[in-house]
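Please examine the sequence and the structure displayed below.

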Amino acid sequence: MASAAEQEELRDPADEPVRDLATGWPPYGDGTAPYGDGGAFGGHLPYRRGHAGSVWPGAPAPLGAEFRTGPGGATGTNFALWAGGAEAVEVCLFEDGGEGDGGGNRTRETRYELVEQTHGVWHGFLPGVAPGTRYGYRVHGRWDPWTGARWNPAKLLLDPYARAVDGDFRLPPEVYGHVRDWPQQHVADTVRDERDSAPHVPKGVVVAGRARGGAPVDEGRPGTPWADTVLYELHVRGFTARHPGVPAELRGTYAGLAHPAAIEHLRGLGVTAVELLPVHQFAHEDHLLRRGLTNYWGYNSIGYFAPHAAYAAHGTRGEQVAEFRDMVRALHAAGIEVVLDVVYNHTAEGGELGPTLSLRGVGNRGYYRLQQDARRYADFTGCGNTLDVMRPQALRLITDSLRYWVTEMGVDGFRFDLAAALARAAHDVDMASPFLTVLAQDPVLSGVKLIAEPWDVGAGGYQVGAFPPPWAEWNDRYRDAVRDFWRGAAPDVRDLGTRLSGSSDLYEWGGRQPYASVNFVTAHDGFTLRDLVSYERKHNEANGEGNRDGTDNNRAWNCGAEGESDDPDVTALRRRQSRNMVATLLLSAGVPMLVAGDEMGRTQGGNNNAYCQDNETGWVDWSLLGDPGWAALHALTSRLARLRAQHPVLRRRTFFTGRPRTPDGLRDLAWFTVRGEETTEDDWYAPACTLVLFLSGRDITRRDERGRELVGDSFLAILHAGADPQNVGLPGPPWADAYEVVVDTSLEDQAGEPAVRHPGGTTLTVPARSVLLLRALPAPYDGG
């Protein structure tokens with residue numbers, strides 16, 4: 001390779017980058033002293049070269065490091081790495097005893113060259129290599145960024161298929177494949193850095209896994225139908241970091257989430273599935289580390305098979321794998337499914353100025369989407385790079401990872417971050433793209449819960465309602481409609497009515513059903529529920545980005561004061577508004593998603609982008625359950641979840657038709673004005689802040705497991721966002737003879753007085769800004 005001085009001297013007047021003059025990989029040396037010049041941009045630490053005869057041919061499948069019995073009954077580990085186009089591959093083993101950073105080892109590295117290659121897969125079997133062994137790869141090849149070739153054997157690479165990772169990523173200059181601090185930054189990515197990254201990066205760990213392949217692991221899975229699902233989005237660390245019932249040594253870990261105290265809260269709340277923020281091994285961004293922060297949410301994956309090591313209580317030499325499996329088993333035993341939020345759209349390596357940690361050094365052109373100028377990365381994610389699922393090896397990496405988490409780790413589904421980026425073909429989003437097609441026909445993956453975040457940051461990336469069966473989608477149009485209604489910004493009730501009844505305008509095609517809509521009012525990204533009613537502007541100063549990060553489109557109302565308030569009227573209104581939105585969510589057709597801590601009034605102090613707040617800002621504050629007002633919100637949330645589970649009409653499997661199912665029946669869904677009259681077309685377009693709907697328990701079109709038709713109670717729901725009480729006419733026969741109030745969000749204590757019978761055809765005064773759910777009496781259909 002040309003020296004740094006030579007590179008600068010050869011730079012042309014237009015400051016175009018100069019091609020690296022290296023034609024091969026650096027010499028090994030004798031293994032006892034560094035090779036390279038040992039200066040600012042060169043030098044490797046001593047290492048040992050393993051004897052060539054100690055590497056047996058092995059097999060090209062499965063990819064990764066598999067501990068198994070080899071020829072002649074010898075036990076060892078088979079290493080297999082796809083590195084198409086590379087010139088040589090070394091697997092590097094690390095022994096205990098040396099000192100280093102990031103889980104590294106400065107003195108005891110042994111390198112073994114893998115000489116066997118099958119269809120781009122380099123492989124070899126090392127007898128005697130046992131579980132717990134730490135390893136990485138060095139991949140040799142051309143340094144030619146202009147054609148997308150970025151091989152650099154000075155950089156120790158994490159195995160893309162590593163089942164466990166020991167250590168954490170820190171990002172000193174040595175972990176960059178190029179000279180990070182090159183004076184001319186616009187050409188910095190073209191100057192190869194020869195410093196050894198091994199002391200600064202974590203290592204993969206050989207794990208003794210369960211048998212690969214075969215049928216999915218179904219033992220103990222709850223198998224909750226989509227229509228009966230209540231999702232609960234939580235952060236493994238943040239959920240238990242302050243939980244007083246979880247032992248201190250287990251807080252913030254997989255074992256902490258598996259603790260009975262944590263599971264009891266989930267069961268008591270009535271959720272059927274936890275949606276875990278990313279638990280794939282991830283790295284922290286350099287700009288955060290420089291500010292003394294870390295990536296808390298974890299949307300910066302680098303190891304798609306490895307549970308994030310920092311969430312393990314019992315060790316990181318493979319113990320995290322067992323701990324994660326035990327957590328899944330504990331949740332399953334409680335009837336709770338596990339859904340993973342996964343980030344396959346990009347990796348932590350970022351754009352061309354990012355670090356070289358794994359895929360970039362293994363096979364840059366085979367894993368990432370590159371622009372026509374192959375030096376640059378196509379970025380549909382806003383994170384610097386995009387995985388190229390048009391490439392078979394990238395698609396295989398993703399699907400192998402998904403199957404692993406289902407069949408070997410026991411998870412029940414996935415929520416795909418920026419799923420539109422994965423659905424892109426050559427350029428545009430294509431619902432017949434390889435990624436969606438492969439998942440649709442896969443016998444394992446097509447049978448689990450698949451949730452799309454149906455957008456990315458590229459042109460044409462907003463795809464809400466466009467994903468095919470069996471996908472469900474995060475429905476941000478539901479979120480916006482509910483927020484606008486309760487803050488008084490909706491001109492009428494049309495949009496809310498559509499969202500409340502399942503968003504048929506988006507999902508009633510191609511065999512999709514209401515449960516294709518994952519309804520949410522809040523998510524990890526944005527205000528918490530309490531902040532949604534306490535702040536109108538973001539307050540992200542603690543993130544260190546000048547309050548420029550995070551959305552300005554909050555659709556929030558602070559109830560008259562920005563931030564926390566001592567005014568009892570403001571506080572009472574905020575709590576009522578919180579109850580209103582939780583009630584709306586749990587009474588809507590579709591799949592409701594709650595966010596951890598919202599049910600007890602968790603606040604982030606107005607921070608609507610707490611991705612880097614691994615502290616009290618981002619963690620659940622369990623002391624809020626001691627506040628009677630917020631404890632009442634928790635009680636209401638639990639009660640609504642129970643009502644939803646008890647009454648089939650509140651968890652529809654099919655869309656409402658608005659027609660009677662039988663000649664003498666009622667419409668399954670009917671809308672009414674505040675006068676107690678059925679809504680006309682003109683009524684829908686008239687200004688209004690009150691929505692009244694009748695849900696018929698007689699016309700559910702749902703059968704039990706024996707094929708028997710289900711019938712249940714019918715309900716009248718009234719949602720009133722006005723600042724003053726509203727008189728509402730109650731529909732009389734044939735809808736109902738009378739009604740009794742089941743839920744009234746104007747009350748903190750839902751126990752209240754004994755139920756009062758309100759005759760049909762009379763008028764009921766609905767309190768300002770409240771939701772009332774009334775049971776129809778008697779049921780319009782006796783089940784006979």
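## Backbone features in loops

Arg555 is placed in the loop between α14 and α15; helices (H or I, at least four residues) and strands (E, at least two) are DSSP runs, numbered from the N terminus. The phi angle of Arg555 is near 50°, a positive value in a residue other than glycine. Because its relative accessibility is 24%, Arg555 counts as partly exposed; buried means under 20% relative accessible area, exposed over 50%, and partly exposed in between, with a 1.4 Å probe and protein chains only. Asn547 also has a positive phi, of about 60°, although it is not a glycine. Asn547 is found in the loop between α14 (529-532) and α15 (568-587).

Two cis peptide bonds may be considered next. The bond from Pro469 to Pro470 is cis, with omega near 5°, and Pro470 is in the loop between β19 (449-452) and β20 (472-475). Pro733 and Pro734 are likewise joined by a cis peptide bond, with omega about 10°. Pro734 lies in the loop between β26 (726-729) and β27 (738-744).

## Basis of the description

This is a predicted model, in which local features need pLDDT of at least 70 and side-chain atom pairs count only at pLDDT 80 or more, while totals for chains, interfaces and linings use all residues. Residues are numbered from 1 along each chain as its sequence is written, and side-chain values use heavy atoms, with hydrogens and water left out.

## The chain as a whole

The protein chain contains 17 helices and 30 strands. Of its 784 residues, 61% count as buried. Contact means heavy atoms within 4.5 Å. Among contacts in the protein chain between residues at least 6 apart in sequence, 72% join residues at least 24 apart.

## Nonpolar cores

In soluble globular proteins, nonpolar side chains tend to be buried together. A nonpolar core is defined as a set of buried Ala, Val, Leu, Ile, Met, Phe, Trp, Tyr and Cys residues joined through side-chain atoms within 4.5 Å. Which residues touch the most other members of the largest nonpolar core? They are Phe414 and Phe416, in a core of 164 residues. Apart from this core lies another, of 19 residues, which includes Val339, Ala516, Phe520 and Met593.

When residues up to four places away in sequence are not counted, Phe414 touches Val339, Leu340, Val342, Leu402, Trp405, Val406, Val448, Lys449, Leu450 and Ile451.

Strand β13 (residues 231-234) is covered on both faces. Leu231 and Glu233 on one side are buried, as are Tyr232 and Leu234 on the other.

Two strands pair if DSSP finds at least two bridges between them. Strand β13 is joined to strand β14 (residues 273-276) by four bridges, and the two run parallel. In this pairing, Tyr232 stands opposite Val274 of β14. Three bridges join β13 to strand β22 (residues 591-595), again in parallel. Met593 in β22 is the bridge partner of Leu231.

## An open antiparallel sheet

Four strands form an open sheet in the order β2-β3-β7-β6, with antiparallel pairing. Its edge strands, β2 (64-69) and β6 (116-118), each pair on one side only. Strand β6 is joined to strand β7 (residues 121-127) by three bridges. Gln117 has Trp122 in β7 as its bridge partner.

Why is helix α7 (residues 359-367) described as largely enclosed by the rest of the structure? Eight of its nine residues are buried, so the description applies. The buried residues are Leu359, Arg360, Gly361, Val362, Gly363, Asn364, Gly366 and Tyr367. Their cover includes β3 (75-82), β8 (134-140), β10 (149-150) and α8.

Two packed helices are described by the angle between their axes and the distance between the axes. Axes are lines fitted to C-alpha atoms, for helices over the stretch in contact, and angles run from 0 to 180 degrees between N-to-C directions. Helix α8 (residues 392-407) packs with helix α10 (residues 434-441) at an angle of about 35°, and their axes are 11 Å apart. Leu395, Ile398, Thr399 and Leu402 in α8 meet Pro434, Phe435, Val438 and Leu439 in α10.
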